[in-house]
Amino acid sequence: MPKLSAGVLLYRVRDGVVEVLIGHPGGPFWARKDAGAWSIPKGECTEGEDPWVAAQREFVEELGLAVPAAPHVELGAVKQPNGKIVTAFAVHADLDITEAHSNTFELEWPRGSGTIREFPEIDRVGWFPVSQARNKLLKGQRPFLDRLMALPDLADLRDC
């Protein structure tokens with residue numbers, strides 16, 4: 001059975017340009033990577049769990065902020081290169097991210113040193129026009145941007 005994940009692709013419209021909220025993974029493996037490293041806020045969804053409930057929980061864990069109260073649209077599921085299946089939900093809302101802070105994880109670093117260090121799951125978060133986010137997002141999550149831009153409400157808007 002593949003691992004399941006669920007996330008929220010928060011989007012807003014500024015001056016006719018669609019922007020999305022994405023996060024950069026924390027920890028030493030991602031420290032010097034930018035293009036193709038960012039992700040929508042998401043996390044594990046257990047078998048039988050409502051993906052929308054999991055997506056909201058994971059958003060809070062990764063950003064320390066609640067998903068704004070607004071309708072959500074399911075963008076469907078995408079199988080990632082590692083076999084994980086991610087279900088995403090689009091929510092049209094603006095969110096002040098100045099107070100965003102992620103939960104943390106522990107990792108032996110440097111590897112083999114015996115030293116356990118704590119790192120944030122997400123070390124930074126930002127709003128980006130869809131065209132810029134397309135470059136930053138993990139390749140396996142880019143189809144969610146296409147699905148977002150195909151929504152009827154966004155048909156006449158720009159992604160850059």
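Ala, Val, Leu, Ile, Met, Phe, Trp, Tyr, Cys and Pro count as nonpolar, Asp, Glu, Lys and Arg as charged, and the others, Gly among them, as polar. By these classes, the lining of the largest pocket has 12 nonpolar, 10 polar and 7 charged residues. The model is predicted: local features need pLDDT of at least 70, side-chain atom pairs count only at pLDDT 80 or more, and totals for chains, interfaces and linings use all residues. Numbering runs from 1 along each chain as its sequence is written, and side-chain values use heavy atoms, without hydrogens and water.

**The largest pocket**

- A pocket is an open set of points on a 1 Å grid over the protein atoms alone, where a 1.4 Å probe fits, with protein on both sides within 12 Å along at least five of seven lines; lining residues have an atom within 4 Å of a point.
- The largest one has a volume of about 600 Å³, which is the space filled by probe spheres set on the points.
- It has 29 lining residues, and Ser 39, Lys 42, Glu 62, Lys 84 and Leu 138 are the closest to its centre.
- β3 gives the largest share of the lining, 3 residues.
- Helices (H or I, at least four residues) and strands (E, at least two) are DSSP runs, numbered from the N terminus.

**The nonpolar cores**

- A nonpolar core joins buried (under 20% relative accessible area, 1.4 Å probe, protein chains only) Ala, Val, Leu, Ile, Met, Phe, Trp, Tyr and Cys residues through side-chain atoms within 4.5 Å.
- The largest core has 23 residues; Leu 9, Tyr 11, Val 20, Ile 22, Phe 144 and Leu 148 touch the most other members.
- α3 gives the most to this core, with 4 residues.
- Apart from it lies another core of 19 residues, including Trp 52 and Leu 95.

Conventions
Buried means under 20% relative accessible area, exposed over 50%, partly exposed in between (1.4 Å probe, protein chains only).
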